[in-house]
Structure formats: C-alpha cells, structure tokens
Amino acid sequence: MRHDRYLRHSLIDWFPQDRVRAARVAVIGAGAVGNEVVKNLALLGAGAIDVYDFDRVELHNLTRAVFLRESDVGRPKASALAARAGEVDPAVVLRAVEGDFWNTLSLSALAGYDCAIAAVDNFEARVRLNRMCRIDGVDFISAGIDSRHATVEVFPFAAEATCGCYECHLPNSAYKRIAERYSCGGLRKAAAAERLVPTTAITASIAGALATSAALRLGRDAGGGARRVFFDTIAGTSSVAALDRRAECVGCGDLGDRPRIVPARADWNRRIADVPADSAVHTSDPIIVGYECAQCGDASRADRYVLRRALDFDDRIAICAACGKAGVRVDVRDEFAAAELARLYPEAPPPVKFAIARLPDEALCMDFEEKHDGQRAR
Ligand SMILES: [Zn+2]
Ligand SMILES: [Zn+2]
C-alpha cells in the first residue's frame with residue numbers, strides 16, 4: 001500500500017510526496033552517478049524515470065554502480081539499470097532509452113520532463129543537454145565527480161528562464177577538452193583517446209544525493225537562481241556559489257528570454273522564408289559545407305559529404321580517395337545567414353536537431369524533430 005510505504009516521508013512537514021510522485025525525470029548517463037540518482041529517485045517514489053545511455057556495462061563499472069552485476073557485463077547500461085531499479089518500487093515507472101541522447105531525445109520529448117539530470121562523464125554532453133533544457137525551460141542539473149570531489153550545478157530554467165546556464169561559467173579548459181575530440185576541420189577524431197577520470201562510490205553517492213534533492217526541489221521552492229554546490233569528501237567541507245548569467249555566454253547569449261519553438265520539419269520553406277534574410281541562424285550541429293583535396297584538387301566525392309551533419313563522419317574522410325593523402329579540406333560550420341540556409345536546403349531542412357534564428361526582438365527555435373504530440377502541455 002502506497003500510504004504505508006511512504007509513511008516516514010509523510011512525517012516530514014516539508015517533504016512534497018505528491019510532487020515527487022508526479023515527477024518525470026530524465027537521467028542522462030547510467031554510470032556511477034546515474035545509478036545513485038536512479039536509486040534515490042526510486043526510493044523516494046518518483047513517478048517516472050527515463051534512463052538514457054549509449055554504452056554497455058563493463059566489469060570496471062561494478063565498483064560504483066549499485067544496480068549493475070557481473071551478469072550484466074556486455075548488456076546496454078540503460079536497460080540493465082532500469083530493469084533492476086524497477087524492483088525497488090513497483091509504482092515507479094522506469095524506462096530505458098539506449099543510444100546517444102542527442103539522437104534519441106527531442107526538444108518536444110524533453111519538454112515533457114520536470115527535470116533532466118546530466119550524470120555523464122564529458123563536457124560535450126553537458127553543454128548539449130544544458131542548451132536543450134534552456135531552450136525548453138526545463139530544470140537542468142549537472143552532476144560531476146572525481147576521486148575526491150562532487151560537484152552539482154542546478155539551473156532552474158522552468159521558474160527562471162534567464163538564470164545563468166551551464167556554459168555561463170564554463171572555463172576555457174573545458175572547451176579545450178571538448179576540442180581535443182575533434183580534428184582542426186571540426187570532424188570527430190576516429191582515434192581520440194578516452195580520458196578516464198578515477199572515481200569512487202563515495203563521490204558518486206554524494207553527487208547522486210545532492211542531484212536528486214535538487215531535481216525534486218526537496219525543501220525548496222522553485223527557482224532560487226543557478227548555483228553550484230562543491231563537496232570535498234575527504235575534508236568534509238562544501239561550498240555553494242551563485243552562477244549569474246553572462247551576456248556574452250555562447251550557450252545562452254543568443255537565446256533571449258525564452259526562444260519561441262516552432263515545428264519546422266514539415267513546413268521548412270515557409271518557416272525559413274519568414275526569417276529576415278540576413279538574420280544569423282545557428283544550427284544545433286555543425287554541417288559540412290565544403291570538401292576538396294588541398295593536395296590534388298579532387299572534389300569528386302564532395303556530394304557524399306557536403307550538406308550532411310559533421311557528427312555522422314569522423315576525420316578519416318579527410319584522407320583523399322584520389323591521391324591517398326590526408327589532405328582533404330573539410331569545411332564545417334554551424335553559423336549561417338537565413339537566406340544562405342534557405343538556398344543550401346531548398347526542399348528539406350538541414351539534417352540537425354534544431355536551429356536558432358536571432359530575430360530583432362526574439363530568438364526563434366526551429367525544431368526539425370517531428371513528434372510534436374502535445375507533451376509540451378504541462
Ligand atoms: Zn549561459
Ligand atoms: Zn587528393
């Protein structure tokens with residue numbers, strides 16, 4: 001019986017069991033922190049938890065992932081985690097989504113969540129999820145750990161559309177780290193070394209607890225500004241810092257108060273025609289706009305790559321098929337004038353998730369992933 005199950009919570013005068021029970025949370029990452037977050041959400045009786053991960057379970061995950069077992073090695077992490085976490089409380093609905101969230105989570109689906117939690121191990125995924133949450137006005141929590149520290153950043157976009165975003169205070173070193181995964185042409189490096197950050201169950205559990213508490217706003221009202229909690233698990237000290245918005249931020253500087261989101265896949269031509277010709281349009285993904293060998297001038301394979309998403313290839317396409325040298329100049333861009341984009345894509349929209357057009361009074365988000373099924377009504 002639900003009432004008996006949550007008896008102890010009901011004795012806490014500030015514990016919002018009804019809100020927790022209604023909560024829909026997206027957890028991105030089914031690793032150490034993701035396991036802890038899902039464990040806490042399930043124990044607290046959260047309504048629905050969707051777990052997104054593209055990876056498979058490896059033996060070395062098992063020292064930090066409470067729900068994973070040796071028999072799960074080789075299975076998709078999201079499914080393994082969701083299956084076992086579902087045993088905690090049958091009333092909690094768990095769903096696993098395998099694959100990279102950038103390909104599996106649309107803006108309209110994200111808008112159906114109360115909160116998204118980044119429990120990932122890289123800056124790029126955090127930057128992407130931050131931008132999606134900022135556009136949608138969905139609360140975003142970023143949880144990160146190393147061997148000693150837990151960092152949890154809270155961005156209450158639902159209540160405060162223009163609070164600081166994850167990128168407002170992101171240091172240059174983080175962008176350098178992201179850039180390490182790309183060649184100078186902007187293509188993903190096929191042989192990029194994965195950076196392994198040593199972590200333990202101690203930092204994972206602290207980060208998971210702080211992230212869950214923030215996600216469900218336990219003991220808090222909505223809003224409260226963007227903030228960072230930093231916890232040193234050896235010294236036992238913690239600090240909280242406010243994260244103000246920065247006007248020049250590359251993550252939110254062009255988004256205005258809250259972008260107007262329009263579905264633009266079916267009626268791309270009309271949507272882009274409505275945007276003033278010289279308006280800057282920023283695509284969610286870089287696009288290949290040029291492909292020519294700087295050594296021999298061969299461009300005969302350009303139509304295989306040009307106007308497609310750079311993400312779908314890696315730097316091996318920079319090896320020229322005609323002369324065999326790694327000399328192909330691959331031009332990759334994510335900034336266009338509206339008229340240029342309309343000319344490059346005369347029929348279907350560009351092959352990206354969305355594009356932001358900066359209009360004189362507002363930012364317009366053209367959403368190219370269909371599925372506008374009314375989930376947005378919250
Ligand atoms: Zn920002
Ligand atoms: Zn060549």
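Begin at strands S9 and S13, which run parallel and are joined by four bridges. Strands here are DSSP runs of type E with at least two residues, helices are runs of H or I with at least four, and both are numbered from the N terminus. Two strands count as paired if DSSP finds at least two bridges between them. This is a predicted model, in which local features need pLDDT of at least 70, side-chain atom pairs count only at pLDDT 80 or more, and totals for chains, interfaces and linings use all residues. Residues are numbered from 1 along each chain as its sequence is written, chains are lettered from A and ligands numbered from 1 in the order in which they are written, and side-chain values use heavy atoms, with hydrogens and water left out.

**Stop 1: the sheet**

Select Ile261 and look across to S13. Its bridge partner there is Cys365. Five strands make it up, in the order S9-S13-S12-S10-S11. The sheet is open and its pairing is mixed. S9 and strand S11 (328-337) are the edge strands, each pairing on one side only. From one strand to the next the twist averages 35°. (Axes are lines fitted to C-alpha atoms, for helices over the stretch in contact, and angles run from 0 to 180 degrees between N-to-C directions.)

Move to S12 and S13. Five bridges pair them in the antiparallel sense. Select Arg358 and find Ala363 opposite, in S13.

Next, show the side chains of S13. Five of its five residues are buried. Buried means under 20% relative accessible area, exposed means over 50%, and partly exposed lies in between (1.4 Å probe, protein chains only). Ala363, Cys365 and Asp367 point one way, while Leu364 and Met366 point the other way. In a regular strand, side chains alternate between the two faces of the sheet.

Slide over to strand S10 (residues 280-293). S10 and S11 run antiparallel, with nine bridges between them. Pick Gly290 and you will find Asp331 of S11 opposite.

**Stop 2: the helix across the sheet**

Show helix H8. It lies across S9, S10, S12 and strand S13 (363-367). Contact here means heavy atoms within 4.5 Å. The helix runs at about 60° to S12.

**Stop 3: salt bridges**

Which residue does Glu124 meet in a salt bridge? The partner is Arg188, with the closest N and O atoms 3.8 Å apart. A salt bridge is a side-chain nitrogen of Lys or Arg within 4 Å of a carboxyl oxygen of Asp or Glu. The pair links distant parts of the chain, 64 residues apart: Glu124 sits in helix H8 (residues 123-136), and Arg188 in the loop between helix H9 (172-179) and helix H10 (201-215). Glu124 is buried at 9% relative accessibility. Arg188 is partly exposed at 23%.

Go back to Arg358. Its side chain meets that of Asp254 in a salt bridge (3.0 Å, N to O). Arg358 is in strand S12 (residues 354-358) and Asp254 in the loop between strand S8 (237-242) and strand S9 (260-263), so the pair ties together parts 104 residues apart in sequence. Arg358 is partly exposed at 28%, whereas Asp254 is buried at 10%.

Arg309 is buried at 11%, and Asp312 is partly exposed at 43%. The structure holds 26 salt bridges.

**Stop 4: two zinc ions**

Center on the zinc ion (ligand 1). Cys165, Cys168, Cys249 and Cys252 coordinate it through SG atoms, at 2.3 to 2.4 Å. Donors are N, O and S atoms within 2.8 Å of the metal (3.2 Å for Na, K and Ca); water is not among the atoms, so sites may look incomplete. Why is the arrangement around the zinc ion (ligand 1) tetrahedral? Its four donor atoms subtend angles of 100 to 122°, and four donors count as tetrahedral if all angles lie between 85 and 135 degrees. The donor spacing in sequence is C-x2-C-x80-C-x2-C. Cys165 and Cys249 are both buried.

Finish at the zinc ion (ligand 2). Its protein donors are the SG atoms of Cys293, Cys296, Cys320 and Cys323, 2.3 to 2.4 Å away. This site is tetrahedral as well, with angles of 106 to 113°. Its donor residues are spaced C-x2-C-x23-C-x2-C. Cys293 is buried at 2%, but Cys296 is partly exposed at 42%.

Key. Tetrahedral: all angles 85-135°; square planar, octahedral: opposite > 155°, others 65-115°.
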